[in-house]
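Work through the exercises below with the sequence and the coordinates at hand. Each task is followed by a solution in steps.

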2 protein chains.
Amino acid sequence: MTSSEQPRRRGRPTAPLLSQEKITSAAVELIELRGYSALTMAALARQLGVAPSALYNHVSNKHQLLRWIQDHVNREIDCSDFEVRPWDAALEAWAHSYRDAYARHSLLVPVIAVTPIAGSPHTVAMYEKVAAGLRAGGWPDDQVMDVVVAVESFVLGSALDAAAPDDIFDVPADQAPVLARVVGARVGRDAARAAFDLGLATVLAGLRDRLRALTP
Amino acid sequence: MTSSEQPRRRGRPTAPLLSQEKITSAAVELIELRGYSALTMAALARQLGVAPSALYNHVSNKHQLLRWIQDHVNREIDCSDFEVRPWDAALEAWAHSYRDAYARHSLLVPVIAVTPIAGSPHTVAMYEKVAAGLRAGGWPDDQVMDVVVAVESFVLGSALDAAAPDDIFDVPADQAPVLARVVGARVGRDAARAAFDLGLATVLAGLRDRLRALTP
């Protein structure tokens, strides 16, 4: 149960009214400003301009807060294609939307990668749709989650890469001539996007082959 | 130039002798104990039991420190196959070694994903070998880095996933019946390893297809 609709019963009268949405946005902002380890309940209360006790009226601990953050970002991910299109087209659209959501919040990637999904309603609903779409597409039960996690690992790694500086691979040609040459050959395009597009096309082609080999 | 072989000229006589290796190990330990944002030059000096000025005699700033950390972990990655085996077999062995190195240091993943490689000799040498191996295998100059970054994104995302708790996808069957079923179907194996193996096999199959289509 969330407490977002309950009126506040305590706290200073001048404090802003708290809600799940307001608390989550402030937590995301705090992580993006000062890193994940700066996110403590005390720091979050300061950020919101309320007493810690007022914050604890709404969210019981940091674990619950992480679930809210996860659900907040995952709500932006579009997985609606799994209900209406073939599994591979839906997986492609999902991967794009997923990557874009976390490219906007790359500091959350390491947190989200290890946060259990139970208790995050939008997140659970998303995985339910993805799993159902893959199963309907012919994937056997014992491989569905391997496909999901493999695609997700690629997506989250790509979201981290989207935050890399343009010069990450720049090296003097006399130190690494082949590297300097192939890095130079990609100048003039969005390098992170090009690598993501090549990787995703590759993963999808490989998955199609694999599923074909599974179904007689 | 590193200062690891220079004798210390200043600092308290009782302080332990500093070296690049000792400083880097302490920095990795600090990140793994308290998160990346806890890594400051002041905190690192405390961790090493030296005055900040003694630390600054060896490493000029946090950027240099990050390069040392990057090189320290990347030195564990085996890329020797690129000199002796076909590109796809070498890429597979590299991806396994790379994933295992960062699964042991998953808190470093977000840092490494955005740290420029220039000034990290082992790291530059690794990418030079990988790039040369892919080029020798027939990959055109303007796609080599897309292949490298796509594989690397998958590898780093998989290293994060290796740190996820076993129950990350556990949900009540009445909330998400299909998800609960497919999650249940994978019980009894190393889920992160299985997803990585499926994903890597898929990426390699997709890359082989792609290269075949490029070469007439």
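**Exercise 1.** Does Asp81(A) count as buried or exposed, and why?

*Solution.* The model is a predicted one. Step 1: locate the residue; Asp81(A) lies in the loop between helix H4 (62–74) and H5 of chain A. Step 2: take its relative accessibility, which is 18%. Step 3: apply the cut-off, since buried means under 20% relative accessible area. Asp81(A) therefore counts as buried. Step 4: list its contacts, leaving aside neighbours within four places in sequence; these are Ala90(A) and Ala93(A).

**Exercise 2.** Describe how helix H5 (residues 87–103) and helix H8 (residues 141–162) of chain A pack.

*Solution.* Step 1: two packed helices are described by the angle between their axes and the distance between the axes. Step 2: for H5(A) and H8(A) the angle is about 40° and the axes are 8 Å apart. Step 3: the hand of the crossing is right-handed. Step 4: identify the contact residues; H5(A) contributes, among them, Leu91(A), Trp94(A) and Tyr98(A), and H8(A) contributes residues including Val148(A), Val151(A) and Val155(A). Step 5: sort the contact by class, which gives 13 nonpolar, one polar and two charged residues.

**Exercise 3.** Which residues of helix H9 (residues 177–184) of chain A are buried, and what do they pack against?

*Solution.* Step 1: the buried residues are Val178(A), Leu179(A), Val182(A) and Val183(A). Step 2: they cover an arc of only 125° around the axis, so they sit on the same side of H9(A). Step 3: the partners of these buried residues are in chain B, namely helix H7 (121–136) and helix H8 (141–162).

How values were computed. Residues numbered from 1 in each chain as written. Chains lettered and ligands numbered in written order. Predicted model: local features only at pLDDT ≥ 70, side-chain atom pairs only at ≥ 80, totals over all residues. Heavy atoms only, no water. Axes fitted to C-alpha atoms, helices over the stretch in contact; angles between N-to-C directions. Helix = DSSP H or I, 4+ residues; strand = E, 2+ residues; numbered from the N terminus. Left-handed = near helix turned anticlockwise from the far one by under 90°. Contact = heavy atoms within 4.5 Å. Nonpolar A, V, L, I, M, F, W, Y, C, P; charged D, E, K, R; others polar. Buried < 20%, exposed > 50% of the residue type's maximum accessible area, 1.4 Å probe, protein only. Arc of directions from axis to C-beta.
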